[in-house]
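Subject: Structure handover

Hello,

Here is the structure we talked about. Please open it next to this message and follow along.

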Amino acid sequence: MPRILKSALPAESVRTRRNDVITRVASILDDIRDRGDVAVREWSTTFDKWTPESFRLDAAQINDIVASLPAQVIEDIEFVQHQVRVFAEHQRASMSDFEIETLPGVHLGQKHIPVGRVGAYVPGGRYPLTASAHMTIVTAKVAGVPSVAACTPPIRGEVPAATVAAMHLAGADEIYLLGGVQAIGALALGTDTIAKADMLAGPGNAYVAEAKRQLFGQVGIDLFAGPTEILVIADESADPFVVAVDLLSQAEHGPDSPAILISTSAELATRVIDHIERLLPEMPTKDFAEPAWHDHGEVIVVDDIDAAYALADSYASEHVEVLTENPREALEKMRNYGGLFLGEGTCVSYGDKVIGTNHVLPTRGSARYTGGLWVGKYLKTVTYSEVLDTTSSAKLGEVCGRAARVELFEGHARSGDVRAAKYGDAQLSWSDALTAVAQ
């Protein structure tokens, strides 16, 4: 039986906080629906103290911002975007359009058509996630999206230069210094100055995630997102200090970010807890990491590695780091995760920042039914059909008539009857076919 060495807050307290977010987001979105740009500007002033003449950066401003950065920063951005682009290109290549002939003259096909316009949100605030520009914009462009509008908030009244550079180098067609629910609302609903997007992508805080959830249906979204999660599976071979550091690496994302350890070794688990308690007070980001660990951290000891995999699958965590003697075993044993990070040479932070797989991943158990953001999310998989052979059409018509009448759909049946009569052995004229159906 699993032994819990550290547990998280009860779910009820988390739900109470969430209800407050839902109500506030709904009121802001309603205001943007009613008043458009005026509301967007007022909310930007309220939350970010930011009211420029235009939220959109022009080409000259973007060039000046990019030029202000050290060459090493630009080089690193280009390196990481290359990793993301190469992986996304291979994903796109794995998706093929095709056409097959299922009966003589019956052609069925599939096409992948890019979404027309994407709104990409790149978080900012206290800790900007520049890497989200790579993940959302580069991937969209590899998919063939013709128009990407990217939004990021100012940071304490300043332009986040590295984020703007990342957006620009990733291929954003429009860049707006605009954050929070007001950015999501403007992109999804459209205003006089910001064109409506067909789809929203990118992570954000609880308010951004809730805005995307409430707008889903009016606009497409990449996935339903919650706080960043990490789950580490570790056996006795793992280094407890490395485990502790990696757990805290994700806890710093926000005060509600779960960090979970499942271990087959009680000794290792205890040492990990000790390391975390020593590391936390000195972390520059402890204002987020400390409450995340204390309120949402968990440490569980299980009997064996199979039990660890099974328990991890029940969490369906966003990031699963496997620090065991045989980490690749998890590829065969596990089913529910956003991304797997195998072995001590790998870490979740690589996925967040540099390695090339997408860091926009499912949270809150949604890895049970979906993967993360990838090039296919920006593509609509559509189908088409064409029947050129009259004999085949007659045969399909006969079956359609019978199948539709089983379901009591007489109109559907008659569509099949018309073709069966017109193209069948009797070869009736069109007028004769209509008469036969009417009878």
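The domain bounds used here come from an automatic or database domain assignment. Please also keep in mind that this is a predicted model.

**Domains**

The protein chain splits into domain 1 (15–93 + 111–222), domain 2 (227–372) and domain 3 (389–438). Between the C-alpha centres of domain 1 and domain 2 the distance is 28 Å. Domain 1 puts 17 residues into the contact, and domain 2 puts in 19 residues.

The size of an interface is often given as the accessible area lost when the parts come together. For domain 1 and domain 2, the buried area is about 1,300 Å². Carbon and sulfur atoms account for 58% of it.

Next, look at strand S5, residues 147–152. The strand is mostly covered, with 6 of its 6 residues buried. Ser 147, Ala 149 and Cys 151 point one way from S5. Val 148, Ala 150 and Thr 152 point the other way. Both sets are buried.

S5 pairs with two strands that you can find in the model:

- Strand S4 (residues 117–121) pairs with S5 in the parallel sense, over 5 bridges. Here Arg 117 has Ser 147 of S5 as its bridge partner.
- Strand S6 (residues 174–177) also pairs with S5 in the parallel sense, over 4 bridges. Here Thr 152 has Leu 177 of S6 as its bridge partner.

S4, helix H5 (residues 131–143) and S5 form a right-handed β-α-β unit. S5, helix H6 (residues 161–170) and S6 form a right-handed β-α-β unit as well.

**Thr 228**

One last residue to look at. Thr 228 sits in the loop between strand S8 (220–221) and strand S9 (230–234). Is Thr 228 buried or exposed? Its relative accessibility is 15%. Buried means under 20%, so Thr 228 counts as buried. What is Thr 228 in contact with, leaving aside its neighbours within four places in sequence? The contacts are Gln 250, His 253, Ser 257, Pro 258, Glu 318 and His 319.

Best wishes

Definitions and conventions. Residues are numbered from 1 along each chain as its sequence is written. This is a predicted model: local features need pLDDT of at least 70, side-chain atom pairs count only at pLDDT 80 or more; totals for chains, interfaces and linings use all residues. Side-chain values use heavy atoms; hydrogens and water are left out. Buried means under 20% relative accessible area, exposed over 50%, partly exposed in between (1.4 Å probe, protein chains only). Two strands pair if DSSP finds at least two bridges between them. A crossover is right-handed if, with the strands pointing away from the viewer, the path from the first strand over the helix to the second runs clockwise. Contact means heavy atoms within 4.5 Å. Buried area is the accessible area (1.4 Å probe) that two parts lose on being put together, summed over both.
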